[in-house]
Amino acid sequence: MASFVSYECRDGLAIVTIDNPPVNALSHGVRAGLIDAVHALEGDAAVGAVVLRCAGRTFVAGADIRELGQPPRAPILPEVIEAVEGARVPWIAAIHGTVLGGGLELALGCHARIADPGAKLGLPEVSLGTIPGAGGTVRLPRLIPIADAVELVTNGKPIDAAHALKVGLVDRIAGGDLLEAAEALARELLTGPMPAPLVDRPGPDAETVDWNSTAKALARKARGAQAPLEALEAVREGISLSGRDALKKERERFLRLVASEEAAALRYAFFSERNAGKGLAAMTAEPADLSRVGVVGGGTMGAGIAVALLLSGSAVRLLERDEATVAAARQRVLETLQASAARGAITLSQADDALARLTSTHDYTSLSDCPLVIEAVFEDMDVKKQVFAQLDAVMPPKAVLATNTSYLDVDALAEATADPARVLGLHFFAPAHVMRLLEIVRGKHTGDRALVTGSDLAKRLKKIAVVSGVCRGFIGNRIMAAYRRDCEFMLLEGALPAQIDTAMKAFGFPMGVFEVQDLSGLDIAWALRRAADATRDRSQPYCQIADRLCELGRLGRKTRKGWYDYSSGGPQTDPTVTRIIEEERVRTASTVREFQGEEIILRIIRVMQQEGEAILAEGIAGSAADIDVVIVSGYGFPRHRGGPMYMSGSKALQATDAP
Ligand code: NAI
C-alpha cells in the first residue's frame, strides 16, 4: 500500500487514515492507497465497518493542483469512490477542516458522514470552469433537497457543518473528539442493515425546481461563464437517469469542460493569483509587527482600510484633522461594520470586538507606537507631503510608512521623509474591506522591510498582493485610464456611452466604463486633469466631453446626473449628454461611423494589452500574469476569460507564467 494511506483494525472496526500534507489532496498515491485499502479490508472478515479519516489540519481538501489540467492517471477518483461505495461493509467519513471538490465527493461515496463543528464543505469546481466529475452532481441530489444540491453545485461556495447537518449532507456533528464520535457511529451501523449506496437511490422529483428561472438567474450571475449552467444541467439530467447512467454522463460532461477554453483560463487565473507576490514572500527581512496599525485620513478609503485591519484582529489608531473629522471618521467605521453585520458578512459580536480595537486622534505623536502607518488623505501631493513630513518627525526609525495614493508619485512622497527606504505604496481598492486586490508599490528607495511588511499585511487581510513599480496610476489605474480615454475617443468617432457599456457587460464586466465613472464620481479625475492641464502635451488628442459634463455639475450618481441620468433610479440615456457628444464631434471635425459591440470590446482589450505591454517593458509589473491578476481582481474583467494579457497570448506570459 502507498504510504499516503494506512489502516488499523480494532474490535471489528477499521480506521483508514489519509496522510498527505498539507491538505490531503487526492494525488495519485492517495487514490492508489485508497483502492488498496478497500481491497484489503474487503478480504478481512473481522472488519464490520470502516472509518475514513485524515491526519493533519483537514479531511481531503480536493484534487492535487499539480494534477490540474493533466491527463488522468489510474486509478481515477470515480473508480476509488465506486470501490468505497460498493464495499460490503459501511464506510463512515469523519470530516474536519475544509472538504472541497473531490474530498466531498469521496465523503459522498461513504455510507455515512460525521463532521467536526468547524468543518466546511463545498463543491467549488465551477470556479475552475468544470463541474464535479466524480459523482458530486449525481449523489448530492440523491442525499439532500434538490434545491440545496443545485445551490452547492452551481455557486461553488462552501457551507458550514451546521448548515450541512440541516440539509442532511452530514448525519451528525461530533460533540467531542471526532474519531471517537465516528467510531461510535460506525458501531451503531455495525448492528443495523447496510445503508444503500447513494448511487442506487432514485433521483428526486425534478418538478420541484423551476429549471428555467434558475438557469436565467444563474446566467445573469455567471456573466458569460458556462460552467455554472453546465453544473445545473448535469444535476437536471442526472436525476432523470439511473444513478449509474448519470455518473457516465457527468464524467463525459466533466471531461469536455476540463478541456474547454473557460477551464484553461480559470486555471490560469487560479495559478496567477497563487504566484502573485511570491517574490516578496520569499524575502528574509523582518516585517513590522501588525498588531497595531495607524491610519491617517478616515474618509472613504481610510475608514475601509481601518475596518479591514480591525477585522483581521489588529488594533487601529485612526488620525484625522480635528475633532469634527475624527468623529465623522469613527462614524464611518461604525457604519461600515454595521453594514457588514447586516449583510451577514460578520456577526454583531465581531463588529463589537472590532470597534473595541479602534482608537482615534488628531495628534500625530499618538501614532508613534504603531509599527506601520497607512496614509489615506486627499489625493493632493502637497497635503500628502505634509502628512509624511509630520509622520517622519514622530515615528520611530523602524516604523514603515505607506501611502494609499491612486496616482501620485510614491518616490516624491518618500523624499519628503529622512529615510525613504521605509516608504511604500499600499494601494487598496474600494471598498477596502471587501476588495481582495492590494497593489504593493515599490518605490526606487523602498527597502525590503517595508516590502515584506506589505506582503505580510496582504496575507493578514487575506488579500492578493501584486507588486507594481512607480508610474502614474501604477498597474491598474494606468490601464484603466488608457482604456477609459480610448472609450471617450470612441464617443467622438460615433459610439454612445450606453453602447460601450452594453458591449462591456455582454463581454462579462459587471458594469461598463461610463457607469463605473458615474458610481465613483467624475470630480476626482476632473481635478486631476485640471491640475495637470498646464503640463499637458497639446500635440496629443484630448477629449473634452467629461470636462463639459463636470462643468454642468454632472458629477455622477451623487448629483443624480453624470454620463447618465439617475433621476428616476437606474441609468437612463440623457439627451443632454448625447447633444454634448455630438457638439464635440463637430468641434473636433471627427469622422463619425457606426460601431458594433464586438469591435468596441476588441478595441478596449487591445488598448489594455498595449498599455500592459508598455508596463511590462518599463518593468512596472513583474509579469503579464500579475497584470491580469490586477485587471481581473480589481477592475471586473471577467475571470473566466483569464485577463487581457492572457487573451493576447503574450509572449512574456508564455515564457514566465506557465503554472
Ligand atoms: P476622502 O475625501 O473620502 O477622504 C480623505 C480623508 O482624509 C478625509 O476624511 C479628510 O478629512 C482626511 N484628511 C485630509 N487631510 C488630512 C490630514 N492632513 N490629516 C489627516 N486627515 C486628513 O478620500 P478617499 O476617497 O478616501 O481617498 C483617500 C486616498 O485614497 C486618496 O489618495 C485616493 O486617491 C486614494 N484612493 C481612493 C480610492 C477610492 O475609490 N476613493 C481607491 C483607492 C485609493
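Here are the stops, with what to select at each.

**Before you click**

You're looking at a predicted model, where local features need pLDDT of at least 70, side-chain atom pairs count only at pLDDT 80 or more, and totals for chains, interfaces and linings use all residues. Residues are numbered from 1 along each chain as its sequence is written.

**Stop 1: strand β3**

Select residues 49-54, which is strand β3. Helices (H or I, at least four residues) and strands (E, at least two) are DSSP runs, numbered from the N terminus. Is β3 covered on one face or both? Both: Ala 49, Val 51 and Arg 53 sit on one side, Val 50, Leu 52 and Cys 54 on the other, and all are buried. Buried here means that 20 or more other C-beta atoms lie within 10 Å of the residue's own, while exposed means 12 or fewer and partly exposed is in between; the C-beta atoms are placed from the backbone.

**Stop 2: the β2 side**

Now colour helix α1 (residues 28-42): the chain passes through α1 on its way from β2 to β3, in a right-handed β-α-β crossover. Right-handed means that, with the strands pointing away from you, the path from the first strand over the helix to the second runs clockwise.

**Stop 3: the β4 side**

Next, pick residues 91-95, strand β4, which is parallel to β3 and linked to it by 3 bridges. Leu 52 has Ala 93 as its bridge partner in β4. Helix α2 (residues 77-85) carries the chain from β3 over to β4, and this β-α-β crossover is right-handed.

**Stop 4: residues 293-468**

Jump to residues 293-468, which UniProt, in an unreviewed entry, lists as "domain: 3-hydroxyacyl-CoA dehydrogenase NAD binding". UniProt positions follow the numbering used here, feature names are shortened, and annotations may be inferred rather than shown by experiment. This stretch is 42% helix and 21% strand, with its end C-alpha atoms 23 Å apart.

**Stop 5: strand β13**

Zoom in on residues 372-375, strand β13: Leu 372 and Ile 374 point one way, Val 373 and Glu 375 the other, and all are buried. Strand β10 (residues 292-296) runs parallel to β13, with 4 bridges; look for Gly 294 opposite Val 373. β13 also pairs in the parallel sense with strand β14 (residues 400-403) over 4 bridges, and Glu 375 has Thr 403 as its partner there. Finish by tracing helix α16 (residues 381-394), through which the chain makes a right-handed β-α-β crossover from β13 to β14.

Terms used. Pairing = 2+ DSSP bridges.
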